[in-house]
Amino acid sequence: MEREPSASAAAPAAAAAFFSWGANSYGQLGLGHKEDVLLPQQLSDFYKPECIRRITGGGGHSAVVTDDGGLFVCGLNKDGQLGLGHTEDILYFTACRSLLGCPILQVACGWDFTIILTESGQVLSCGSNSFGQLGVPHGARRCVVPQAIELLREKVVCIAAGLRHALAATANGVVFQWGTGLASSGRRLCPGQTLPPFLTAREPSRVTGLENSKVTCVLAGSDHSASLTDAGELYVWGSNKHGQLASLAAFLPMPQKIEAHCFQNEKVTSVWSGWTHLVAQTDLLRLRA
């Protein structure tokens with residue numbers, strides 16, 4: 001998310017503001033308390049709100065990435081998902097000091113863990129590792145300081161985190177997934193079928209079925225995954241409990257392309273994933289038949 005320069009130098013740009021509202025049981029709104037908030041409330045003491053690049057949230061924690069690559073976190077921290085070196089909940093957005101001098105490009109918050117992408121393309125993780133969601137198979141059950149996922153040796157350009165699984169897309173367009181969050185649904189809904197390794201891996205495992213595509217973006221919901229290719233094609237896999245994968249199957253163990261006619265044969269340019277739904281944006285450029 002980048003801002004364009006003001007069209008008129010004579011007219012000063014309006015000061016940016018940062019608001020939060022909703023559930024706040026763990027202080028994830030960054031307002032200094034744990035009371036739910038019914039209307040948007042401004043965080044007046046946040047460090048330079050006009051410099052915010054990205055905002056994201058997980059099961060009970062929130063994270064902000066600033067233009068200079070700083071990472072600020074707050075909320076639930078019982079598994080160390082804030083990466084602050086302890087497990088105390090935090091009521092205000094607080095800088096992750098262990099990452100000072102390591103500019104952050106993107107952060108993805110899962111239910112009880114956090115995946116962090118640096119500007120150099122390295123991936124870090126912290127929080128719960130009960131389901132292998134940190135991508136460190138032989139590590140502790142939780143990690144309170146961000147640690148590198150050493151098995152991701154290629155430069156990564158995009159990350160995503162679900163309930164108990166995570167994904168990364170590399171600069172070469174390859175997708176990796178880890179964390180066993182989708183495996184239980186897969187075994188229940190695909191009885192007698194052997195699940196692909198990436199659904200049961202506790203370390204980064206290449207997602208098969210995308211070999212002929214170059215992926216530029218990955219996304220995750222509670223129990224589903226998605227990827228967008230440079231050709232504007234959207235692939236999905238995982239749980240289809242709410243119809244979010246546009247398929248008749250209850251569970252897709254392998255990536256399946258959502259057919260172009262679902263998007264009026266237009267190229268998909270952007271995709272966003274909620275916990276159990278997807279939203280896509282297209283342009284007027286028609287896909288090749």
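Mentor: Before we start, contact here means heavy atoms within 4.5 Å.

Trainee: Okay, so what share of contacts between residues at least 6 apart in sequence join residues at least 24 apart?

Mentor: In the protein, that share is 48%. Keep in mind that this is a predicted model, where local features need pLDDT of at least 70, side-chain atom pairs count only at pLDDT 80 or more, and totals for chains, interfaces and linings use all residues. Residues are numbered from 1 along each chain as its sequence is written, and side-chain values use heavy atoms, with hydrogens and water left out.

Trainee: How many helices and strands does the protein have?

Mentor: One helix and 20 strands, taken as DSSP runs numbered from the N terminus (helices H or I, at least four residues; strands E, at least two).

Trainee: And what does the C-alpha trace span along its principal axes?

Mentor: About 55 × 50 × 40 Å.

Trainee: Switching topic, which residues does UniProt annotate as "repeat: RCC"?

Mentor: The unreviewed entry lists 16-68, 69-120, 121-172, 173-231 and 232-284; such annotations may be inferred rather than shown by experiment.

Trainee: What's the helix and strand content of 232-284?

Mentor: That span is 0% helix and 53% strand, with its end C-alpha atoms 12 Å apart. Residues 173-231 come out at 12% helix and 31% strand, and their end C-alpha atoms are also 12 Å apart.

Trainee: Last one: how much of the protein counts as buried?

Mentor: Of the 289 residues, 48%, where buried means under 20% relative accessible area (1.4 Å probe, protein chains only).

Note on methods
Buried means under 20% relative accessible area, exposed over 50%, partly exposed in between (1.4 Å probe, protein chains only).
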